[in-house]
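The following exercises concern the fold of each chain and the contact between chains. Each task is followed by a solution in steps.

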Amino acid sequence: MTFLLVIIFGLMFVYALYFAAQTARLGSKPGDFLNAGMALPSWSVMFLLPAIGVAALGLERQLLLVTRYGLQASHVAIGLVTVAVAGVLIWNRLWVATRLASLRTPGEALGRYYDSIALRVIMLGLCVLFALPYSAHILSQAAQLLETATGGTISRSMAVWMCAITLAIPAIIGGWRGTILVLAMQALFLAVLLPGIMLFGEVVLGGDMFPTSPMPTADGIFWDRIPGVLQAYGGVGKNVPTGGIFTTIAISSTAISLVGIMCSPATLYLGQTTKNGKAFAVGGVWLTGGLAAGLLLLVLPVVAARMPDGLAGYANVLADIVPLAGVAVILLGVVGSLLAVSFFVTGGTLILFSELVHTYLFPKLSPAKQRFGARVGLGIAFFFLGLMAAFMPFVSAVFASVALPLALQLLPAIVGFGFMRWISRGAVLAGIVLGSLMVIFTEPLGLILFEGLFVELPWGRWPLTIHSAGWGLTLNLLIVFLSSMVTLKGPDRYQRDRFHNEMAAHPPTSMGRQGLLWALAILWGFLAYGPGAVLGNFFFSDPIFTDLKAMLGVPSLWVWQSLFWLLGVVLVWWVAYSAGFGHTHVSERKPIRLGLPDSTRTPDWIKSGLKRVVNRNGGDEIEGDPLAAPVRVLRSDLETRQPRVKPGRGKIKSRK
Amino acid sequence: MTPRRPVKIAVSDLTTSVQRLDRHALIMAIWTPALFAAAVLFHAGYLYENNWWFVSSFGALIIAFCGHVIANAVLRTGFTAGETALGSTLLVAATLAFLVMILVAPDELVSRLQLPIGLGLGVLVLVVAISMLISFGPRRSFEKFDVVRDNNLRAASRLPHRGGRR
């Protein structure tokens, strides 16, 4: 199997290289390297949205959780419907704003709208978090799977560097467009692999497995039930919850945490750089809410029931029958991971370059130099990715655990940007800070640090079976609503009003429809993965309106999940098609400017910092400018030179 | 006052090349997973002596072909010359390989593989023919292969009053 695996990965690398070279040979403007000319093909974004949603869940991780906890863990996949709704809504408003106010990156969009440098810095921090520890953790796991599958022939660190290099080269050559075109193919590949492997396994292996037989979970785990609404549970590492960890509150908070992937900088950037059309509608409704959620709810449990030993064990079983089928199982685990890694590292680096290097450090860079700089940046980013994945898997895992919940803390800011003009800058920043602290202290990052430095905390990870994203977002929203109430007529309200008035000229919906839509969405959420989901435990097997028992042959919860998945698709359809959020079209309106004009001048503090290190002007500027004298330079002759001061300056002239 | 000439907006080569690349990537994205699936299923059929695997394998190719046709319809394009040439070459190569296999392989293997693979290749040709009939109609489909009618290489032969050939 090792030989076949290497050949398949080699072919995938050649494929990526081919499209990268084709993109580079287009002869497009150098600036297009960073943003694909703001015109990514609709079909690529349409295929990528579900793959990003699945990446947020982590395909291999989700398989392991379903193997361990059964249908209660599988229930989390309904969250993909929420991801689809959030994706359609957020991308639509950001897309319109990008064209309306000439915004290049998500950081610029939020930063200009709220007139806040802090938000830009937060966005840059998230870029780094997703591009390095989050991606390094995913890459490390994929490399571990490769090592296990090849029986150690390809070691973990070797697999890490092999993957990092094969991802880096196409990204460096092809830029944003080249990367996205390749990732779209991989997304489609995943969509074929999951049902294909399920069908193949069922036909070849046979036997009496799920759904006709119970899933092979550990004793005491309710594999076919949700273990209650909430449990008095101290958190992971403190005690063991009864019947499993996935209560309805755990499911809903985990499902909402998936929306964090839509708030991640690279995903927002993908929406910004898409061509106009129906990509959001098709991608959101049919491919994410429909196909991806359906596959994870209906197909994944069947596959998971057959792999108590994980993906590698199942791959070996199938490889003994048909070697290529074994390779397909490994590809299922690895391709999804590589897709996420390539997407977040490339997107994050390009945003970081545009936001930090081009905006602040070297604002006068020509487009060709921007492209060169971005290529260097990509090389450095992939190098550090390999370094972290190969040598710091534990640190990567700890930091990766907070990536999604922290990104979710941007949700109020994005909602304010797109929909609610009364959400103010101060409220957003206060919410992000406190929400992030809450996240950090309900995840290993904060717990390890605090318990290592001070005393042991009485809670562990995800106390009361509530995901850290749920803890953070609850506090965040509370702070945002309370703070916004007292800053309703703040001085920055004028700019927000101006922006929203312009955005209102591109209305996707009417207010009457919105009210009904949100009422139904809340009702759906309550029953699909909220507290009402416990009804699904026995609703179809022991109906409450009769003494008779239904003989379904499958667990009641599975039917409940399928039913609310289908209703969820209707919900996304309503948002995307009926309310019109899924369509984007080019506007003829005059563009507006948000905030101050673009500066082509590096801020003084950055400029002086740069001079300390590189002394780029050879000291001439300092010689001619006495105001620049306090800046220390690395030339001894200039160190000793006194600033030229006009004789008699500062003396009090006597009156005659 | 002289009437203003309508401004001709030229479609730049760049835009066209970007669109061409996007379409090419979409077609490749459709075919790559389908080819992998077809390879796995074909291998299973070869090992398992079960004709349903071959049916599934050729089915994967037919699904990809339908995806290609749908992509063409959505993007309002047709099969490019390169795609036609590649498709024809692969089909001819597969048919030749099949014939060689019948000639040189052991009888047992030939008797097992002859029917499913032969039928599969035949169905592929049939699907292409049906798609052409749906897209172009019987007359224009036939004209695609009518080299005798298309033997006048002079540009003037394309003019309507000269018959509008080609």
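A residue counts as buried under 20% relative accessible area, as exposed over 50%, and as partly exposed in between, with a 1.4 Å probe and protein chains only. The model is predicted: local features need pLDDT of at least 70, side-chain atom pairs count only at pLDDT 80 or more, and totals for chains, interfaces and linings use all residues. Residues are numbered from 1 along each chain as its sequence is written, chains are lettered from A and ligands numbered from 1 in the order in which they are written, and side-chain values use heavy atoms, with hydrogens and water left out.

**Exercise 1.** Determine what share of the residues in chain A is buried, and examine helix α11 of chain A.

*Solution.* Step one: of the 656 residues in chain A, 57% are buried. Step two: helices are DSSP runs of H or I with at least four residues, strands runs of E with at least two, both numbered from the N terminus; chain A has 27 helices and zero strands. Step three: helix α11 of chain A spans residues 265–272, and eight of its eight residues are buried. Among them are A:Pro265, A:Tyr269 and A:Gln272.

**Exercise 2.** Compare the radius of gyration of chain A with the globule rule.

*Solution.* Step one: the radius is taken over C-alpha atoms, and the rule is 2.2 Å times the number of residues to the power 0.38. Step two: for 656 residues a compact globule would have a value near 26 Å, and the 27 Å of chain A agrees with this. Step three: along the principal axes, the C-alpha atoms of chain A fill a box of roughly 115 × 60 × 60 Å.

**Exercise 3.** Describe chain B by its elements, burial and contacts.

*Solution.* Step one: chain B has four helices and zero strands, in the order α-α-α-α from the N terminus. Step two: 30% of its 166 residues count as buried. Step three: with contact meaning heavy atoms within 4.5 Å, residues 24 or more positions apart account for 54% of the contacts in chain B with a separation of 6 or more.

**Exercise 4.** Which residues of chain A lose the most area to chain B?

*Solution.* Step one: 29 residues of chain A are in contact with 22 residues of chain B. Step two: buried area is the accessible area (1.4 Å probe) that two parts lose on being put together, summed over both. Between chain A and chain B it is about 2,200 Å², with 82% given by carbon and sulfur atoms. Step three: A:Leu26, A:Trp43 and A:Leu324 lose the most in chain A, together 23% of what that side buries.
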